Amino acid sequence: MYFPTVLNRKNTIRHIVKDWNHAYCGYKLNFSSNITPIEFKKIQFCNINTIDCIQCKKFLSSNDID
Ligand SMILES: [Zn+2]
């Protein structure tokens, strides 16, 4: 199972994208309101094992997304 993720460059923690503004843990994403191809490239589809954010992972496991 692969998830759309973004990498926080400050602390290199990878979060799971919930919508254009937030990750599942509440981490705010800084996409512009117009999603350009450059913005879109910031999203990477990654296996859950590569996601560092404990809160994002917790959210997924508690909601049984498959
Ligand atoms: Zn997160």
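## Burial and overall form

Of the 66 residues of the chain, 15% count as buried; a residue is buried if 20 or more other C-beta atoms lie within 10 Å of its own, exposed if 12 or fewer, and partly exposed in between, with C-beta atoms placed from the backbone. This is a predicted model, in which local features need pLDDT of at least 70 and side-chain atom pairs count only at pLDDT 80 or more, while totals for chains, interfaces and linings use all residues. Residues are numbered from 1 along each chain as its sequence is written.

For 66 residues, a compact globule would have a radius of gyration near 11 Å, and the chain agrees with this at 11 Å. The radius is taken over C-alpha atoms, and the globule rule is 2.2 Å times the number of residues to the power 0.38. The C-alpha trace spans about 30 × 25 × 20 Å along its principal axes. Among contacts with a separation of 6 or more, 53% are between residues 24 or more positions apart; two residues are in contact if their C-beta atoms, placed from the backbone, lie within 7 Å.

## Confidence

The average pLDDT of the chain is 87, and 94% of the residues score at least 70. pLDDT is the predictor's confidence in each residue, from 0 to 100. Confidence is highest in E2, at 96, and lowest in helix H1 (residues 37-41), at a mean of 82. Where pLDDT is low, the predicted coordinates should not be read in detail.

## Secondary structure and sheet

Two helices and three strands are found in the chain, and their pattern along the sequence is β-β-α-β-α. Helices (H or I, at least four residues) and strands (E, at least two) are DSSP runs, numbered from the N terminus.

The three strands form an open sheet in the order E2-E1-E3, with antiparallel pairing. E2 and E3 stand at the edges with a single partner strand each, so one side of each has no neighbour in the sheet. On average, neighbouring strands of this sheet are turned by 55° against each other, direction ignored. The axes behind such angles are lines fitted to C-alpha atoms, for helices over the stretch in contact, and angles run from 0 to 180 degrees between N-to-C directions.

Two strands pair if DSSP finds at least two bridges between them. E1 and E2 run antiparallel and are joined by four bridges; in this pairing Thr5 stands opposite Ile16 in E2, and Asn8 stands opposite Ile13 in E2. E1 also pairs with E3 in the antiparallel sense, over four bridges, and Tyr2 stands opposite Asn47 in E3.

## The hairpin turn at Thr12

E1 and E2 form a hairpin with four residues between them. Thr12 lies in this loop, between strand E1 (2-8) and strand E2 (13-16). Although Thr12 is not a glycine, its phi is positive, at about 55°. Thr12 is exposed, because 8 other C-beta atoms lie within 10 Å.

## Cys53 and the nonpolar core

The largest nonpolar core has eight residues: Phe3, Val6, Ile16, Val17, Ala23, Tyr24, Cys53 and Cys56. Such a core is a set of buried Ala, Val, Leu, Ile, Met, Phe, Trp, Tyr and Cys residues joined through C-beta atoms within 7 Å.

Cys53 sits in the loop between strand E3 (44-47) and helix H2 (54-63). Cys53 is buried, because 20 other C-beta atoms lie within 10 Å. Leaving aside residues up to four places away in sequence, Cys53 touches Ile13, Arg14, His15, Ala23 and Cys25. His15 is 38 residues from Cys53 along the chain, yet their C-alpha atoms are separated by 5.5 Å. Tyr24, another member of the core, touches Ile16, Lys18, Cys56, Phe59 and Leu60, again not counting residues up to four places away in sequence.

## Gln44 in strand E3

Gln44 belongs to strand E3. With 14 other C-beta atoms within 10 Å, Gln44 is partly exposed. Gln44 and Leu60 are 16 residues apart along the chain, and their C-alpha atoms are separated by 17 Å.
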